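Subject: Structure for you to look at

Dear colleague,

Here is the structure I said I would pass on. Please open it before you read the notes below.

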Amino acid sequence: MTSPADHEELTRRAFLEKCAEAGAHTFLFGSLFVTTAMMRLPQEATSRTVGPRGGTAKEVIYGFVVDTTKCIGCGSCVRACKAENNVPDGYNRTWVEQYTFFPNGEVIVNSPNGGENGFEDDLPERNMPEEIGQLPVRGFFVPKLCNHCIDTPCIQVCPVGASYKTAEGVVLVDPQRCVGCGYCVQACPFGSRFLNPETNTADKCTWCYHRITKGLKPACVEYCPAKARIFGNVNDPYSEISQILATNRVQVLKSYLGTRPRTRYIGLDSEVI
Amino acid sequence: MRHAKHFVRLFALLAVVLIAFLAVRAQVVPKDFGTLGRFRASAIKEAAMREPRHLGNEACSDCHAKVNDAWAAGKHHTPQCENCHGPGLLHVKVMSEDSVAAYPDRIKAFPKALRPTTGTQECLWCHLKTFERPSALKSIKNVERHTIEKGGTFTAASKCTDCHNPHTTVVKQ
Amino acid sequence: MHHYVTEGYVLPNQTHIYWTTMIVLYPYITGIVAGAFIISSLYHVFGKQELQPVSRFAMVMAFAFLLFATLPLLNHLGHPERAFNIMFTPNPTSAMAGFGFIYTAYLAILAVEIWLVYRSDIAYLAHHAKAPAMRALYWVLALGVTDVQEESRRLDHRVMLVLAAIGIPAACVLHGYVGFLFGAIKANPWWASPLMPVIFLLSAIVSGIAMVLVCYITVQKVKGRVIDTACVQSLIEYAWYSLIIDVTLEMLELVNHAYVGNEDWEILKQLLTTKLFVSMFLVQVLVGSVLPFFLLGAVVVFKDRIAAATRHNIGLVGGVLLLVQVLAMRWNVVMGGQMFSKSLRGFLDFKVDVFGRDGLLSAVALFALPFGALFVFSNVLPLWGSIATDPKDRLSERSLDSVQPRRSWH
């Protein structure tokens, strides 16, 4: 016998599934705008995995923390990522931004080649507004990568179902289905996606899905000498990332867009957009 | 209905087009599309299948135990082998096929199996002083000035590794 | 490859502009479709008799442009061979996934409607065309049915009314949808706006009417035929009213950006005063909106006090200006949204290539294709009147109810 609560849950679930199905059909027959109300359809894989400590099966949900206070701007992450994932020149799955603040409030942001070759000490040559003529007051580096949002604008707009989310919350592209329309590239507020000129399909950070599924860390995390990148299962309270999330104040990029990023930041500044 | 014959034919035509579309669709769409969500389920497996290119220090120490021991005993732990030398997968693939004796030939045949190191650039990635870099990190403003300050002679061919051992950061004499 | 000059800080993956001339051309073409269809429906459904001279042409023109509407899209896709994925595995949350179905449905409606309008001509030609091959062609086009008696035509007319009644909202959806594609991108402050579908639709109507106006006057002039001044006057009036609503909404959008002054206004302001200054304020607003507003407005307000020939010329010039306005608007929306980085700190330059897949030449060639289709069509069926009613006077068709076969074939 199922408890009334379970029963209610089941019928509710069945009902929601019915709704989803009906919504899909309505759409197929040309009613585009009606379906926008039923947007929460499964684009996320629903297979469950057993939790790390057995017992109640709890999904592995990956998370990523970037501690900008630790980043030294060496570009190791960018180089590791590019080599690990064969990222073509001129494109980046991850990159490092350099922020320099001047006394008059001027902010200069820079990311030569995505930070792949590190950063030069180019303050004197940097295109400083003349009237500043002073030394900067503050500066830091901000590594960026795909935020693997919970409410992804990129998956939402993919017309052919070539963008999807795994059960662990990782946002991926199926290069065999992608038509290369570029709509997801436009829809990503963070510039995390690009059209790969070699495959002519959308490309993005996968959190090194081929590594994390083998128990390894993403290349950028593994080869960050400053330990500025932390990756792990946020559903495991004993994981490093859970500890960090429990003891730090974190932020996300462009929170006002409501994409609910799974990549979180320590030490962000309001000038970091 | 006597005068609707052309509509009957029109609907027949439309029906043929629709059936043809559905038939093609049934053939073309992968069977596992939609089983896990609105995407091709085996795409997940394919994404997970790819071979990692960075192998980790342990894999390197299989052959390069001596330098790995020195690294482990030294105080330059944050960068690992592949930080400076690049991903090892291709290198291992190329080298494991032959004996160590064939090494110079194979290096020539596959020069890009590892990233060629310059002995200066790799150091400056982290140790060049820029304003934004945290000051706790040991860093230098300029290689030439640093060499002179430390009593060395700077030439165009000078490298950091002339004086420093990057695997341990012990200053050579 | 394009050379993109970047200024300020542009996110590393944004140093390339992915949507270029083809994506400018695509909404331009579908816009003309929607506008032309609405003109033809004004006659066929709403009985605006003064539009009778262009009613058939407008419908066929809509069809000709619609036929090639997918080409710019296919030409820009990374994998055009996978284009049908959009209909095989559509993603219900994607506005773009609606395209395949909306487009196909609309194409079918339009094709059937044209078929019904031309059925008596097709049936007539299936019997009377000179070459046997042509007779066979018309027979196939008639689906082997050449019954165009009174009752059959009456049924056709009823079906046509129903189709047009569906066709008008379908035309609006087809084009409103294009606006929605841009308007629903919250990542891009230059696009994200609920006004976008409405603006796209209104400018679609403007461009469609303008294209009919320009083609009608040009063809009549070239062929040395009489221009129906009442028809031109009516087209000018519809174009003028649509222009006013269209430009009002466009400016409302702009003023709203400036007045609300969100964090993105700083970069949009710079965009408007630098990269988009010429194409926005000079071309779209001054040349494309203000000038035709006064030119066409004069015709609307003073009507008969202006000589018919002058009105025709104003219609021609004004129509061309409106076509420029809408093209500039498409450019400013599509390219403007990609000329600044999502870092809100940098800009990209875009220069159109002459050659290449999305170069100027291929854009011009693509835009010429619908006209080629119109030419082919005009050799198969009359664009401006009916053969079945009176082959000598192609402009004699007054309304569908008067369409009578000259002979009975049964």
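The notes below cover the contact between two of the chains, and then one chain taken alone. Please keep in mind that this is a predicted model.

Contact of chain C with chain A

On the chain C side, 42 residues take part in the contact, and on the chain A side 57 residues do. Together the two chains bury about 4200 Å², and carbon and sulfur atoms account for 58% of that area.

There is one salt bridge between chain C and chain A. It pairs Arg345(C) with Glu271(A), with 2.8 Å between the closest N and O atoms.

Chain A by itself

Chain A contains eight helices and ten strands. It has 273 residues, and 59% of them are buried. If one takes the contacts within chain A between residues at least 6 apart in sequence, 62% connect residues at least 24 apart. The accessible surface of chain A is about 11700 Å², and carbon and sulfur atoms supply 53% of it.

Regards

How values were computed
Residues are numbered from 1 along each chain as its sequence is written. Chains are lettered from A and ligands numbered from 1 in the order in which they are written. This is a predicted model: local features need pLDDT of at least 70, side-chain atom pairs count only at pLDDT 80 or more; totals for chains, interfaces and linings use all residues. Side-chain values use heavy atoms; hydrogens and water are left out. Contact means heavy atoms within 4.5 Å. Buried area is the accessible area (1.4 Å probe) that two parts lose on being put together, summed over both. A salt bridge is a side-chain nitrogen of Lys or Arg within 4 Å of a carboxyl oxygen of Asp or Glu. Helices (H or I, at least four residues) and strands (E, at least two) are DSSP runs, numbered from the N terminus. Buried means under 20% relative accessible area, exposed over 50%, partly exposed in between (1.4 Å probe, protein chains only). Accessible areas come from the Shrake-Rupley method with a 1.4 Å probe; for residues, only the protein chains shown count as cover.
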